[in-house]
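Please keep the coordinates open while reading.

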Amino acid sequence: MEISVTVNGKTYRHNVPPRLLLVHYLREQLNLTGAHVGCDTSQCGACVVDVNAQSVKSCTMLAVQADGAQVTTIEGLATNGAYHPMQESFWEMHGLQCGFCTPGMIMSATALLQRNSNPTDAEIRHALEGNLCRCTGYENIVKAVRHAAQQGRAGSNGSMHQGAKPEVPESAEELEHPRRDDGVPEKPETVGDWEGENAGVDETTPMGQGGM
Amino acid sequence: MAVADQPTRMFGQAIKRREDPRLITGKGNYIDDIKLPGMLHAAVVRSPYAHAKINSIDTTAASQLPGVVAVFTGADIAQEQNPLPCAWAAGGVQNNVNTPRALAVDTVHYIGEGVALVVAESPYIAYDAMELVEVDYEPLDVVVDAEEATREGAPQLHENAPNNIVMHWTCGNQEAATQAIDSAEVVVRQRIRNQRLIATPMETRGYVARYDAATGEYTEWMSSQAPHVHRLLLAAFVLGIPENKLRCIAPDVGGGFGAKIFVYAEMAALLYAAKHTGYPVKWIESRRENCQATAQGRDHITDLEVAGTRDGKITGLRVHTYANLGGYLSTIAPGIPTTLYGRMVSGVYKIPSIFVDVKGVYTNTAMVDAYRGAGRPEATYAIERAVDLFADEIGMDPAEVRRRNFIQPEDFPYDNGLGMLPYDSGNYEPTLDRALELIDYQGFRREQEEGRKNGRLLGIGVTSYVEVCGVAPSKWIGLMGEGWGAGLWESANVKVHLTGKVNVTTGSLPHGQGHETTFAQLVADELGVPYEDVVVEHGDTQGTPFGYGTYGSRSAAVGGTAIYKSVSKIKEKARKLAAHMLEAAEEDIVFENGKAYVRGAPEASKTIQEIALQASVAYDLPQGMEPFLDETTYYDPPNCTFPFGTHICTVEIDPETGKVNVLRYVAVDDVGNVINPLIVDGQIHGGIAQGLAQALYEGVVYDENGQLLTGSLMDYSIPRADMVPHYELDRTVTPSPVNPMGVKGAGEAGTIASGATVSNAVIDALSHLGIRHLDMPYTGEKVWRAIHQQ
Ligand code: FES
Ligand code: FES
């Protein structure tokens, strides 16, 4: 099916199979791999993105349902090279360890502050109940959200879409991960069917729920 | 030198992590983010039976589905590959090692064991094709409980393991313990269960394998805590190829907690699939598979007997444990309930007579291996419950009983008589005092007494723990009957380039611990270069020196020390070269804060950058000196390290619902010197959450048919943000004498202490109702029933 989706301000047109999940569309077709898949029962929240200004678990939505939508992913949160205050706060407060839950956590936390710019700790914990983190014990995540809320109130009347210039204690080259995984080419942005030409079965069973 | 010139030490500073910019922007590179040209996708067909013979597998229909490239069975792969190895045959396991193959060949031993591998053009097609693989199973009798499995007439899993026993292992002194118990004023006996857990890293496992037919070389990207070990075990044991024909690469790893230490069937199956399809093949584990087929933790049934005097001295301890190891032996499974559990059950106490008896058992369940703390949470739970039971029996305050039995500072190095290495250093009482003060122990006891009059169920639980980490000495783990199949040192290479910039490569493998930051802090200090100039690399067997990886809280103590030593070697060479450059005698050269100078004349110094340049261009080097500053260390420490501490928490139980509410949680840990407090505190937080979750929420449930009832995050309840409390941390610092930095290790401490702490608090809240013990997890239902049965 033909869809048109605006992701992080850029509009894409693709022919996608009806059963393709939004998270797989973002990750495989658009190569936006910030949204992660951590479960197959909509529990973990690693896949959270914004769809039409609503936090959505992108594993629970089909790509075709996003036709015509405005989507923001973790990759679209920083503006003009400046981290979003929530990204800053997670960094500052050590709100992440392995980082796998982090994109979803930051997206959900950002949405919380849009609804409630001054949440209590209990409200923060409650609002993040759809996002699981196995590393941090949540202590520093709560701290990071609280910090971002404080920053937001101190700064530009609470608007969380206002990117603050990051303090840059690290040189640009350090921001690059010194890794050695060669042979990992960027997937070109193509119009095509991610399932391959011969995709013969046409059900809407999302992968992962097939399980065993 | 003016004071203003003194650079600030990075060691001990809570600087934010350099890993984070990529991770907070969605630019991390996890296993599922890896895409190779032509890459195919695999899915594993898994057994729905816990114990069954495989009569036949029909792959015809699956193979014919458009988009399916190949379907492999266990019989195919067995022609080319051996079973996975067990690398730690501790506790006398010899003739009855049974390990899994890439796919089962004729019998399955637990739900979720792989029987076929489908390879297709997309994961969706692979999942579709899985449904079309027809397997004819003949179900066999099932046993899931470790104690039952050892009984006469129980279903037998493996021919070479009568009564399903993997090993029967003991330590300590049986005679002395018997005598202590038989002659004691007080003896307390209790059966306790340490339930089975699923590690549940938020990133499941996943692998991408590639084979180059022209060179015969394999590459495998893997979500792994130990890529070098995986290369060695897969190449040498499973594939029977030289290890230089296999390259293993761990990209960013989304948590491990032990579960990614092990060699897994899918690693081997993917290598086979890549070779036989001719294309790279990716497999990403679903959460359901992670619940079924990734190695799990704990699962002990333990009978405790503790003996002592009415004035609070513990005189004897006898422990009998059934350790459920699952359907096969996972990579280091036998070492966990023996060396890392049995030899640590004495905890922080000086107990004259101890005997530990452990039976490792096969059952029709997923394999059990190391999970955060690995043996030590089980040991801590056993001894800390024992101490509380004893305190309750003699009517003494449990904090006081602990104080009366602590190993004293002058006792170190301390030999606990169980074949453990000597505890390196410790001073336990200050952690207890500080924790009691922080929680206002006496105040809470008064509140508890008042509250009880009004029907409130308030409890306070104390745990003082010690753990063994920085696990290494090869000669101990290898030679002294521990059965470890290799050394257990760690490696590091440090290079100072021509420009003075530094590259560090380490055999450690961070998966959330922030090594890129802490190791750079360490090098910046020791070498006197700016922190920004140091880059830390890891994870690729091509380009990093062989190392054993990250687990057992060993990276700072063992991996960090390897770096420290490499830097020391570089400084030594720099001193020699500086002597040549300054035309001075080598013994007069001081190297300090990145500068070498003649003692007493710091104004005429050579910086490390100048020295690196000279070493690199090599126009003018002293006689016999090789160019370049480049040093490697393989560091095998003389001992493990033994962090310790005291955790206390307070709880209130709702008498109407049985729901446990944690009021406060205080942790005072001593992990030796701390390189980065921000990171160490984060490790403690996460650790506490996992042990607390064991106490309150988590537990694997198999029914009598071996069906896994906790097979997804809907049924297996890892905590959400609103299910855990705020943690109040403090620390004391007792440096380790084992390594030059005095560090011990912090990754597991929280988990080791918190399960027992919450347990003791919950039982304390119910003790006036006559409840002596309950097993974790303390779900509302369990607690409510206990209250209402009284
Ligand atoms: S992947 Fe877990 S909720 Fe979407
Ligand atoms: S940081 Fe690892 S799961 Fe949250």
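A salt bridge is a side-chain nitrogen of Lys or Arg within 4 Å of a carboxyl oxygen of Asp or Glu. This is a predicted model, in which local features need pLDDT of at least 70 and side-chain atom pairs count only at pLDDT 80 or more, while totals for chains, interfaces and linings use all residues. Residues are numbered from 1 along each chain as its sequence is written, chains are lettered from A in the order in which they are written, and side-chain values use heavy atoms, without hydrogens and water.

**Salt bridges**

Over all chains, the whole structure holds 52 salt bridges. Five of them cross the interface of chain B and chain A. Side chains of opposite charge can pair when their charged atoms come close.

| B:Asp33 | A:Arg27 | 2.7 Å |

Helices (H or I, at least four residues) and strands (E, at least two) are DSSP runs, numbered from the N terminus.

**The chain interface**

The contact (heavy atoms within 4.5 Å) involves 89 residues of chain B and 75 residues of chain A. Buried area is the accessible area (1.4 Å probe) that two parts lose on being put together, summed over both. For chain B and chain A that area is about 7100 Å², with 56% of it on carbon and sulfur atoms.

**Domains of chain B**

Domain bounds come from an automatic or database domain assignment. Chain B has domain 1 (20–26 + 489–635), domain 2 (34–140 + 202–255 + 260–293) and domain 3 (297–472 + 639–789). The centres of domain 1 and domain 2 of chain B, taken over C-alpha atoms, are 39 Å apart. Each of these two domains of chain B puts 17 residues into the contact. They bury about 1400 Å², and carbon and sulfur atoms give 57% of that area. On the domain 1 side of chain B, B:His511, B:Thr541 and B:Phe546 lose the most area to domain 2, together 40% of what that side buries. Two salt bridges link domain 1 and domain 2 of chain B.

**Domains of chain A**

Chain A splits into domain 1 (2–76) and domain 2 (77–180). Their contact takes 18 residues from domain 1 of chain A and 14 residues from domain 2 of chain A. About 1200 Å² is buried between them, 58% of it on carbon and sulfur atoms. A:His36, A:Val48 and A:Ile74 supply 39% of the area that domain 1 of chain A buries there, more than any other three residues. How many salt bridges join domain 1 and domain 2 of chain A? The count is zero.

**Cavities**

A cavity is a set of points, on a 1 Å grid over the protein atoms alone, where a 1.4 Å probe fits but cannot get out; lining residues have an atom within 4 Å of a point. Grid points are joined across faces, edges and corners, and a volume is the space filled by probe spheres set on the points. The count is 14 cavities of 30 Å³ or more. The largest cavity has a volume of about 670 Å³. Its lining has 47 residues, and B:Gln513, B:Thr550, B:Ser553, B:Arg554 and B:Gly747 are the closest to its centre. Helix 15 (515–527), helix 16 (555–581) and helix 18 (677–696) of chain B each give at least two residues to the lining of the largest cavity.

How values were computed:
On a 1 Å grid over the protein atoms alone, a cavity is a set of points where a 1.4 Å probe fits but cannot get out, and a pocket is an open set with protein on both sides within 12 Å along at least five of seven lines; lining residues have an atom within 4 Å of a point.
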